[in-house]
Amino acid sequence: MIDSLCDRAGKENIVVAGIYCDFLSEQEQTTTNIMGSILKQLIGRWEIPYYLRNAFHKAEMELDSRGPPLVDLMEMLKTAIASLPRVFICLDALDECLPTHLPRLLDSLRVIVRDSPKTRVFLTGRPHVRENVQRYFPKAVVIPISPNTDHIRDYVEMRLDRDPEPEAMSEDLRAGIMKVILEKASEL
Amino acid sequence: MDLVNSQFRPIIWDRNNTFNKFNEGAQILRWLSPLEPYNRHQTVRADRFDGGGDWLLEMREFREWRCSEGGTDKAVLFCSGNPGAGKTYLRYVAGFFGRSEYH
């Protein structure tokens, strides 16, 4: 299946960086931190590149304990991506990113895609952030996701089969659980 | 390759250099960003149910996005859905194909 994705799939080297925009840590989810985290993941497999080492030593010399500013991170990202074969950036749950951060985040992604055209961006979010995404990426491919009841049924059956106390389960209870879960899922 | 364990690996492992090098690498990574995005992926992976997101990989739109050569026209794919629809899982699937090919 994976090989069928793309004729060249097996020959390609791909690097994936992903962020989950978790509302629990939304104060930390500034665009700067997110871009820094993406960069960290892109270089994470190898030795730290010299330009990052240099920038770090410079900040150390200046006794600046803060991380690099966004404008510097964007340049570093450009350099990092240029040295990699293909880069996928995944940002999950965009709607959980603070509304005040979202425009800057999307704008930064736009700059990355513009300057490093081999980058592919995978975003997920609730339908209401679609407008934001399309403002920065008018040609973004949008795929609506809805729960697939067949998959949910299979999953619930698998979980019920693993019940550590099967003696407490009856056919009626099992059917009831399935009915309620599928009803709730169809409301999503 | 496991992203968690591969965050930083000193290439040269010698007596004089190793610890400084390792510490500095870790320091630089922390300096770049305090965010550690890996934990969530591990949870999603642990909870993974086979086959739940494979349909996405087979979609024409996904394949075109995945295989398109350069340019900004098809650079971005946005999966839109309400909570519980399986978006986080799809993100895992999308990340998985990339990682599994990397080895």
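Mentor: First, two terms: two strands pair if DSSP finds at least two bridges between them. Strands (E, at least two residues) and helices (H or I, at least four residues) are DSSP runs, numbered from the N terminus. This is a predicted model: local features need pLDDT of at least 70, side-chain atom pairs count only at pLDDT 80 or more, and totals for chains, interfaces and linings use all residues. Residues are numbered from 1 along each chain as its sequence is written, and chains are lettered from A and ligands numbered from 1 in the order in which they are written.
Trainee: How many bridges join strand 2 of chain A to strand 3 of chain A?
Mentor: Five, and the two strands run parallel. A:Cys90 has A:Phe122 of strand 3 of chain A as its bridge partner.
Trainee: And strand 1 of chain A, how many bridges join it to strand 2 of chain A?
Mentor: Six, also running parallel. There A:Tyr20 stands opposite A:Asp92.
Trainee: Is strand 2 of chain A enclosed or open?
Mentor: Six of its six residues are buried, so strand 2 of chain A is largely enclosed by the rest of the structure. Buried means 20 or more other C-beta atoms within 10 Å of a residue's own; exposed means 12 or fewer, partly exposed is in between, and C-beta atoms are placed from the backbone.
Trainee: Which residues point which way?
Mentor: A:Val87, A:Ile89 and A:Leu91 point one way, and A:Phe88, A:Cys90 and A:Asp92 the other.
Trainee: New topic. Where does A:Ala93 lie?
Mentor: In the loop between strand 2 and helix 4 of chain A. Most residues other than glycine have a negative phi.
Trainee: Buried or exposed, A:Ala93?
Mentor: A:Ala93 counts as buried because it has 21 C-beta neighbours inside 10 Å.
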